[in-house]
Amino acid sequence: MALTVSKFDRSLGYMMAVETDSTNSINTDVFAGDGKLYSVDVDNTSGSNTCYVKLYITGYSPTLGSSTPDIILRCPASTRQVWTVPEGVDFTTLSFASTRNPAFSDTTATAGTLAVRIVASTEAIAQKTYSPLIALTTD
């Protein structure tokens, strides 16, 4: 696993989390707090099996196999899938893991290298990167 989280729009507080080798280990609270989820990109082009990315958006420290995921995304073998939500989905904390089967209780590792990219905006980041130009152009 190699998770990196970085800002890419300082004025609006957008961040991207990139996991280059998502596995059956949970990446916990990847954005360090609450925010809105806008996009999930799952690259399973090197995978020989369908995989499932399990997102936990309401619990701080979920346990794979016993905590119920809030969202499960299916990505067939040898494909790349992108899910976008223009209005965003609110999250308290955002954690995720990948498994080979969709069952909540499944902890089976995926086959092949699976990359997951998540775009979100967090209130804390937006406040830290406040742009004076936005204040000048609004009432």
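User: Before I start, what should I know about the model and the numbering?
Analyst: This is a predicted model, in which local features need pLDDT of at least 70 and side-chain atom pairs count only at pLDDT 80 or more, while totals for chains, interfaces and linings use all residues. Residues are numbered from 1 along each chain as its sequence is written, and side-chain values use heavy atoms, with hydrogens and water left out.

User: OK, what is the phi of Asp-29?
Analyst: Asp-29 has a positive phi of about 45°, although it is not a glycine, and its place is in the loop between strand E2 (14–19) and strand E3 (35–43). Strands here are DSSP runs of E with at least two residues, numbered from the N terminus.

User: And is Asp-29 buried or exposed?
Analyst: Asp-29 counts as buried, because its relative accessibility is 14%; buried means under 20% relative accessible area and exposed over 50%, with partly exposed in between (1.4 Å probe, protein chains only).

User: What about Ala-32?
Analyst: Ala-32, also not a glycine, has a positive phi of about 55° and lies in the loop between E2 and E3, but Ala-32 counts as exposed, at 64% relative accessibility.

User: Switching to E8, how many of its residues are buried?
Analyst: In strand E8 (residues 115–121), 6 of the 7 residues are buried, so the strand is largely enclosed by the rest of the structure.

User: Which way does E8 run against E2?
Analyst: E2 and E8 run antiparallel and are joined by 6 bridges, where two strands pair if DSSP finds at least two bridges between them; Met-15 has Ala-120 in E8 as its bridge partner.

User: And E3?
Analyst: E3 and E8 run antiparallel too, joined by 7 bridges, and Ser-39 stands opposite Val-119 in E8.

Note on methods:
Helices (H or I, at least four residues) and strands (E, at least two) are DSSP runs, numbered from the N terminus.
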